Amino acid sequence: MAKTGSIPVTGLKRAVIFLGPPGAGKGTQAQEVARLYDVPHLSTGDMFRDHVGRGTPLGLKAKPIMERGELVPDEIVLGMVEERISRPDCKDGFVFDGFPRTLPQAEKLDQILGGLDFGRPVVLHFVVDSDQLVRRLTGRRTCKVGGEIYNVYVRPPKVPGRCDNDGGELMQRPDDREEVIHERLVAYERQTKPLVDYYHRQAVLQDVDGSADPEAVTQSVLRILTRAV
Ligand code: AMP
């Protein structure tokens, strides 16, 4: 059993969904929760970036869509997610980061989870005001080696441009440029925000104040999870 602060972390056996606009801190928190519970961190954005980097057929399809800040079509996302969660490392639960992002994705996920032995998902809804989102997105830098996430304003690395963990070079995502950020926020409002109501009606949604510092947000998230699982 891992321990963090005063909060004991035990087996998960659930799907945890991080829901919220781009820049709300879902990635940072989802990485941490997955590490503490020792379950896979399933970021559909990371999966797409991996495909783009390797130049696979899926990556070639997704690249221009991502560069415009739009959402990749549901059937492509769902195929990729279904394959991923069928792998043995997902048997004790998993943490979704950036999925589901549309109603059809959420409905399909409900069906899939119904066939697993997990019960209902825990949905953490990150609430952050829009000025702060833009600042977080423009300041975000990611380690090319291990994927660790930094922010030049709120979580700078010790050595500028280098990862604290492995010294890897820090890069800015192409879709974190200001003109694409606007499109991503519009896509969130139109296509993803309806999921807040969808999960609220299922009584599985928990609001998280994502504007606090990362350690405080982690503590709130863990408090919710230890009550819910
Ligand atoms: P993220 O890293 O979660 O911000 O995702 C980066 C980009 O990948 C998004 O702007 C979309 O183009 C694409 N993407 C990631 N997850 C999904 C999803 N669940 N549905 C559709 N597109 C997605």
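Good morning. In what follows, Ala, Val, Leu, Ile, Met, Phe, Trp, Tyr, Cys and Pro are counted as nonpolar, Asp, Glu, Lys and Arg as charged, and the others, Gly among them, as polar. The structure before you is a predicted model.

I begin with the second largest pocket. Under that scheme, its lining comprises 1 nonpolar, 6 polar and 5 charged residues. The volume of this pocket is about 290 Å³. Its lining consists of 12 residues, and those nearest the centre are Thr28, Glu32, Glu148, Arg155 and Thr218. Which helices each supply at least two residues of this lining? They are helix H1, spanning 26-37, and helix H9, spanning 214-228. H1 provides the largest share, with 5 residues.

I turn now to the ligand. It is surrounded by 16 residues, and the closest are Thr44, Arg49, Glu70, Gly98 and Arg101. Helix H2, residues 44-54, gives the most to the shell, namely 4 residues.

The side chain of threonine 44 places an N or O atom 2.8 Å from a nitrogen atom of the ligand. For arginine 49, a side-chain N or O atom is 2.9 Å from an oxygen atom of the ligand. With glutamate 70, by contrast, the backbone takes part: one of its N or O atoms lies 2.5 Å from a ligand oxygen atom. How much of the ligand's accessible area does the protein cover? On its own the ligand has 480 Å² of accessible area, and the protein covers 96% of it.

Thank you for your attention.

Note on methods
Residues numbered from 1 in each chain as written. Predicted model: local features only at pLDDT ≥ 70, side-chain atom pairs only at ≥ 80, totals over all residues. Heavy atoms only, no water. Near = heavy atom within 4 Å. Polar contact = N/O pair within 3.5 Å; in protein donor to acceptor, adjacent residues only side chain to side chain. Areas by Shrake-Rupley, 256 points an atom, 1.4 Å probe, with all protein chains shown as cover. 1 Å grid on protein atoms, 1.4 Å probe; cavity = no way out; pocket = protein on both sides within 12 Å on 5 of 7 lines; lining within 4 Å. Points joined across faces, edges and corners; volume = space filled by probe spheres on them.
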